[in-house]
Amino acid sequence: MLEFDEDISTTKTTSDDQCNFLDRKSILHFKDENFNGKTYDALESKIKKHYEDRKDIEIEFKSFNNYKKIEIIITINFKKEDEYYHLTENFKKDFKELYGKYQD
């Protein structure tokens with residue numbers, strides 16, 4: 001089952017030397033410790049394709065123990081005016097639903 005890992009998920013804000021905002025990233029870590037390795041490539045491909053038009057989102061998949069455990073790292077890049085907290089929460093909810101749909 002897909003779980004959000006709060007312990008290592010972070011938000012990073014970057015500023016220049018004059019403390020001017022440059023960017024903000026939410027780095028989300030998900031894990032599934034009971035993963036069916038047969039679907040790994042298809043799942044990765046479908047999820048990346050789903051978000052391919054979103055230039056503000058980067059997705060990285062990692063597998064462990066012969067694909068029995070996966071980690072998904074999602075980086076969302078925000079502009080200064082974005083309400084990153086709410087957008088991140090909405091993304092997490094939508095992503096879990098999408099993951100469940102593609103994993104079946």
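Predicted model: local features only at pLDDT ≥ 70, side-chain atom pairs only at ≥ 80, totals over all residues.
**Notebook: salt bridges, rings and strands**

I started with Arg54 and Asp56, whose side chains meet in a salt bridge at 2.9 Å, N to O. For a salt bridge I take a side-chain nitrogen of Lys or Arg within 4 Å of a carboxyl oxygen of Asp or Glu. Residues are numbered from 1 along each chain as its sequence is written, and side-chain values use heavy atoms, with hydrogens and water left out.

Next I checked accessibility for that pair. My classes are buried for under 20% relative accessible area, exposed for over 50%, and partly exposed in between (1.4 Å probe, protein chains only). Arg54 has 39% relative accessibility, so it counts as partly exposed. Asp56 is partly exposed too, with a relative accessible area of 24%.

**Entry: the other salt bridges**

How many salt bridges does the rule give? The count comes to seven. I looked up Asp5, which forms one with Lys31, the closest N and O atoms being 3.7 Å apart. This pair links distant parts of the chain, 26 residues apart: Asp5 lies in the loop between β1 (2–4) and β2 (10–15), and Lys31 in strand β3 (residues 21–32). For elements I use DSSP runs numbered from the N terminus, with helices as H or I of at least four residues and strands as E of at least two.

Lys31 also forms a salt bridge with Glu33, with 4.0 Å between the closest N and O atoms. I noted that Asp5, Lys31 and Glu33 are linked in a network of salt bridges. Which of these residues is buried, and which partly exposed? Asp5 counts as buried because its relative accessibility is 15%. Lys31, at 23%, counts as partly exposed, and Glu33 is partly exposed at 45%.

**Entry: rings**

I then went through the aromatics and got 10 aromatic pairs. Rings of Phe, Tyr and Trp (its six-membered ring) pair if their centres lie within 6.5 Å; planes under 30 degrees apart are stacked, over 60 edge-to-face, and the rest tilted. Tyr51 and Phe91 make a tilted pair, 5.2 Å centre to centre with 45° between the planes. They sit 40 residues apart, Tyr51 in the loop between α1 (40–50) and β4 (57–64), Phe91 in helix α2 (residues 84–103). I found both Tyr51 and Phe91 buried.

**Entry: strand pairing**

Last, I followed β3. Strands pair if DSSP finds at least two bridges between them. β1 and β3 run antiparallel and are joined by three bridges; Glu3 has Lys31 as its bridge partner in β3. β2 pairs with β3 in the antiparallel sense over six bridges, and they form a hairpin with five residues between them. Cys19 in the turn has a positive phi of about 65°.

Which residue in β3 partners Lys12? I found Lys25. In β5, Lys25 has Asn77 as bridge partner. β3 and strand β5 (residues 69–78) pair in the antiparallel sense over nine bridges.
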